[in-house]
Structure formats: C-alpha cells, structure tokens
Amino acid sequence: MKKQYILGAIAVAAAMGSTSCDDFINDNRFPLSQQTVNNTFWSNKENVQNQINYFYEDYSGYGNGSGSGTFYWSWLSDDQSGRTAFKDWTFITVPASSASWSAPYVEVRRANLVIAGVEGSSLTENEKANYLGQARLHRARSYTDLIHRYNDVPLVETALDPSDEAALFGPRTSRNEVAEFILKDFDFAAENIATQSSKTTFSKDLALAQKLEFCLFEGSWARYHQKDETRAKKFFEEAVKAGEAIAARYPIGADYSANYRSARTALGDYAALSANNEMIFIKEYNEGVFMNSITDYSNASDGVAGITKDAFENYLFLDGRPAASTTLDKTDLGVPTDNGIDISNLLAVRDQRLAQTTYPGVCAQGMSWSASNTVGMWSSTGYGVSKFNNPAMPSNVVNEINKGYLCAPLYWGARLYLGIAEAKAELGTLSDADVTKYIKPLWDRAGIDTSVLNKAWLENLNDPKNNMGVSSLLWEIRRCRRCELIMDDNIRYWDLVRWHKLDLLDSYQHPDILLGANVSNAPADYAPAIPQTNGYVNGTFGQGRTFNEKYYLYPVPSGQIALNPALTQNPGW
C-alpha cells in the first residue's frame, strides 16, 4: 500500500482563525506541547491507558450535560421533523472549515500517536498488542466517519513529522484503498484487544460489531453507488462473518424499552443497562455525577421533534402485514376527547415498538399533552417521543436540562441481528433458519404474529409502499431495521445514504416525511391552532427540502483546499 503522511489534524488550522499554518506546525513539533512521546512515557501502562481513555469522548450517546448526542437529535431523516425549526441538508454551501472534516482527523492523529508510542515502548508484547488494538479500533472508526462523509480522503498511516512538508500536502486517497486500510485495523483490533466482551470498555466484540456495520455500509456503497458487485460481495461476506462470530452472546431481550430507559441513580442501579445481556457497549450516566438532557429535550413544552406520518405508517400491523393487506383496523384516526385526541386504538393494533416510541395522545401546537411525569408538550408532527422517558423518573428530572441519567446503548444485539440479516439478503443466502434466528426475536418482542413468519412470507408481502426498487425481502428487512432503530445514533440517515435513497428526503416529492398525526377530528377548541395540511399536522415550519445528487457527499472545506492544493472538491460542490 502506498503510504500517505498527511497530518490529519492539519484540518484544525483552517478553523483556528488567526492561527497560521506555521504556528500550528511549530506548536505541534515533537515533543508535543500536550502529549509526550518519549519511551519512558509510553512504557508506563497508566499513561497509555489515560491516552486510550480519550477515545471514549468520541461516543456522544445521549449527549453530555446540556449538549446533544446522536440519539433523537438527528433530524435529517424521514423519521422526524425538526423540533422548532425545519431541518435542511447538513451543508447547502461549501464551508471554510468544518468539524466534520477536522474532528475525525484529530482522532486519527491521536490514535497514530498512541500507536507510535506503544510500538517504541518497553511494554510486553501482549500489552502492546492490546493497546495497539484499541488505538487501531479508534482509528478505523474515525476513518469510517471520513469516507462516509467525503469518499476519497487523505490517508494518514503514521504520526506525522511536521518537518516533512511533502508529506503535509498530499492528495486524497481513493475510498477503496482507505476502506482496505480500515478493514485491516478492525481485524487487528478484533484479534489483539485483550478483553473479549465488556459493556464499558473497548473489547474484541465491540471491534467485530463495528466491523459488521462498516462492512455493511461498504457493501451497500459498492452495490448501489459504485456498481461493483465483486467489492459488494466481499464486504457483505465480511459483515456476516463478523456478526455471526458474536451474535449468540447478545440475545434479544424481551423488553424493547429497556434498551433505552435504563437508569443509574445515586441510590444505586435499577434496571441498569450494564446488566442487559443484549448490550455490547454502552455509555453510562450517573445521577448527580454525569448526566444528560435527552429526556428533557424529547418531552419539551417548547417543542419536540416528533416522528413523522411516513415513519408511523412504516410499522407493520400485529398480523405481520402492512396497511395494504392487513385484516386489522387500519384507520389513522384517534378518538377525540376533552383533552385532545387519544391514539391508543392506533397503537394497539400495530407493532408494539411504536407504542414504546410515541405517546398515546396527539400533542400538536395548540393542543398539548402530558405524560405522568412531564409538563404539557407539543410536537412538530403531533406524535410525541416516549422512547427516552422512563416513567419511574420524577418530573423534576424529566423536565430539566442536565438532570437525566438514562444510560445510552451504543452497540447491541438488535444492530447485529439486523446487519447480519441484511447482508445475507443482499448476498442471496438468507434462509428460513436465518429468518428464525435474526428476525423472529425482533418480531416476538414487537408483539407481531410470528406464526406466519418465514422467508417466503417476507418475499410475498409486496407492500405497494416499497419505493426503494428492491425485493420485498430486502424491503421488509429495511422496514424492521427502521422500526427497531428509529431515532438511534443517526442510523436512518446513513442507511439512506448507503442505499442510494437520499432522494426520499426531498419533502416536495415525499410530503409525508414532514407531516404527522391525523387531526381532522380534533375538538373544535383546538383545531384552529393546529398547523395542518389535508387534516394532518404540518411539521414543515413553512419550508421544504429539495434533493440534489451532490448531497451524498459533504463538501471538502474550502480552507482545506487553500492549505493543501492537492485536495480536490467533491462532485457538484
């Protein structure tokens, strides 16, 4: 492999305002002002572990303090509309600088410094292998973010000597080459990290879980973007191999909500996420020590980013059929009451994950609704978000910023099972036994009738709402993935990217992605205040989103191209 020695963190220079490139280089010459790289430092296990611990900061989960995370807040999808404003594309114009580019390169540099230090240390070979595995896992994850966003990117294989100007200003490396590099890092991590399984530390199993999702993405990208069937087959096979190596250790639990509502309190754990056998890796919070605000923001009196009509209608009915063929009551009208509209009847006949995701009452502007431990809330779509609210939490915790202590799942069994099933379906190797192993447990806890479930059932449902140009089998697996992982870790957006279906986020072509609950029978006292279109809550905030092919990739910041003329811009930007 051709080596590129581009300084990953050079991207920071463009965002430093008055700081010049020369100042940046001078401040980061060896020995570094903030990180020591001599043999004595790296031969101390405590020092190395402290450097490894920095890697955990890259997992935002439910957010830190009053900040946002990657659950609930990712509103650029067809699952949610914005909380109090319309969510447009991440970039509309080329930015001068962007953390989307610079932050992963900062982490690549951090990992490369650990690798260089540990390799030159006097630690034992086993100790070295363990720390190198963890550093390479983090580097692989950082490069995964980069190629997802930018496609071809400069490849940094070692910690840069800033005196090497030729190395500093190299070109972008092809996505395929970077992907092979990432794959080797994941494989090294899975083989060499000392811990097999752990909920809160880097482990072999975490490396395999991340490898599965990376390979699933690359397999899809190869098939639907590059039209490279050889490459697609390779990555789908690697995804299956990684997932099946660990899936049995992370069985699907009986309670869907337990994956999202488990809390850790000052009085001790109750329903602690660390005790959940489905969890591979989690982010722990602790009452009064380290908290988040996801419950407050997703139950806010000043607006909630509710799930959409498109998402609501994606859920199967309990007879295992979509609306087009169900024998159950498929009305989307709730029951008007003195307190608004009750939709318990709609939730009772559908996939029970929906009832654990949204509240049984419509809460639109002009018609607020309260849960037992919340103040009155309204949602952009009229559908609330109950997924991140534990009913046992007191109202002062639920309704205040930086008081929440629900722990966040990061990687867990459902992500594994769905990844394996999808990769096998893409390969054409999914069997009835696979459906039983990887889809049935998810249907079981969703309350869907599994007596009808087999591969032929999925192949023959033929939902007329299938707008992705794929087989009924793949459509149903994608449906299950969407329902299972709704509002989780920005997964839906990146799924649409890899499937080459980002055009589904064009709100003019697909208006249901910004509409919500049917309020055509709203009580007269409420109806005039509810923003609506054809009887459905309108969550557009008076705006819309138009798709352009260029949105599949982020624009390379102009400041980076100015610093490094060898870089090129992505198509359309």
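**Aromatic cluster and helix packing**

Mentor: Start with the rings. One aromatic cluster is formed by Phe91, Trp101, Tyr105, Tyr143, Tyr150, Phe181, Phe217, Trp221, Tyr493, Trp494 and Tyr554. Keep in mind that this is a predicted model.

Trainee: How many aromatic pairs does the structure hold?

Mentor: The count is 36 aromatic pairs.

Trainee: Why are Phe91 and Tyr554 called an aromatic pair?

Mentor: Their ring centres are 5.1 Å apart. The cut-off for a pair is 6.5 Å, so the two rings pair.

Trainee: What makes the pair of Phe91 and Tyr554 edge-to-face?

Mentor: The planes of Phe91 and Tyr554 stand at 70 degrees. Over 60 counts as edge-to-face, so the label holds.

Trainee: Where in the chain do Phe91 and Tyr554 lie?

Mentor: Phe91 is in the loop between α4 and α5 (99–119). Tyr554 is in the loop between β9 (536–538) and α21 (558–563). The pair links distant parts of the chain, 463 residues apart.

Trainee: How do you know whether Phe91 is buried or exposed?

Mentor: Phe91 has a relative accessible area of 14%. Buried means under 20%, so Phe91 is buried.

Trainee: And Tyr554, buried or exposed?

Mentor: Tyr554 comes to 10% relative accessibility, so Tyr554 counts as buried too.

Trainee: Two cluster members, Tyr493 and Trp494, sit in α20. Why is helix α20 called mostly covered?

Mentor: Helix α20 spans residues 491–498, and eight of its eight residues are buried. They are Ile491, Arg492, Tyr493, Trp494, Asp495, Leu496, Val497 and Arg498.

Trainee: What covers the buried residues of α20?

Mentor: The cover includes α6, α9 (204–226), α16 (413–427) and α19 (472–484).

Trainee: Which residue with a positive phi follows α20?

Mentor: That is His500, with phi near 60 degrees. His500 is a residue other than glycine. Its place is the loop between α20 and β7 (515–518).

Trainee: What makes His500 partly exposed?

Mentor: The relative accessible area of His500 is 24%.

Trainee: Where does Asp489 lie, and what is its phi?

Mentor: Asp489 is in the loop between α19 and α20. Its phi is positive, about 55 degrees, and Asp489 is not a glycine either.

Trainee: Why is Met468 called buried?

Mentor: Met468 has a relative accessible area of 6%. The limit is 20%, so Met468 counts as buried. Met468 is in the loop between α18 (455–460) and α19.

Trainee: Which residues does Met468 contact, beyond its neighbours within four places in sequence?

Mentor: Trp475, Arg478, Arg492, Leu496, Trp499, Lys501 and Leu504. Two of these, Arg492 and Leu496, are among the buried residues of α20.

Trainee: Now helix pairs. What numbers describe a packing?

Mentor: Two packed helices are described by the angle between their axes and the distance between those axes.

Trainee: Why are α4 and α6 called roughly parallel?

Mentor: Helix α4 (residues 45–53) and helix α6 (residues 125–150) pack at about 15 degrees, with axes 10 Å apart. Angles under 35 degrees count as roughly parallel, so α4 and α6 qualify. Their crossing is left-handed.

Trainee: Which residues make the contact of α4 with α6?

Mentor: α4 supplies Lys45, Val48, Gln49 and Ile52. α6 supplies Glu127, Tyr131, Gln134 and Ala135. By class, four are nonpolar, two polar and two charged.

Trainee: Ser43 is in the loop between α3 (39–42) and α4. What makes Ser43 partly exposed?

Mentor: Its relative accessible area is 21%. Buried needs under 20%, so Ser43 falls in the partly exposed class.

Trainee: What does Ser43 contact, leaving aside its neighbours within four places in sequence?

Mentor: Ser43 is in contact with Ser121, Ser122 and Leu123. The C-alpha atoms of Ser43 and Leu123 are 5.5 Å apart, although the residues are 80 apart along the chain.

Trainee: How do you know how α8 lies against α10?

Mentor: Helix α8 (residues 175–192) and helix α10 (residues 229–244) pack at about 20 degrees, with axes 13 Å apart. The limit is 35 degrees, so α8 is roughly parallel to α10. This crossing is left-handed.

Trainee: Which residues meet there?

Mentor: Arg175, Asn176, Ala179, Glu180 and Leu183 in α8 meet Arg231, Lys234 and Phe235 in α10. The contact has three nonpolar, one polar and four charged residues.

How values were computed
Residues numbered from 1 in each chain as written. Predicted model: local features only at pLDDT ≥ 70, side-chain atom pairs only at ≥ 80, totals over all residues. Heavy atoms only, no water. Axes fitted to C-alpha atoms, helices over the stretch in contact; angles between N-to-C directions. Helix = DSSP H or I, 4+ residues; strand = E, 2+ residues; numbered from the N terminus. Parallel < 35°, antiparallel > 145°, perpendicular 65-115°, else oblique. Left-handed = near helix turned anticlockwise from the far one by under 90°. Contact = heavy atoms within 4.5 Å. Nonpolar A, V, L, I, M, F, W, Y, C, P; charged D, E, K, R; others polar. Phe/Tyr/Trp six-rings, centres within 6.5 Å; stacked < 30°, edge-to-face > 60°. Buried < 20%, exposed > 50% of the residue type's maximum accessible area, 1.4 Å probe, protein only.
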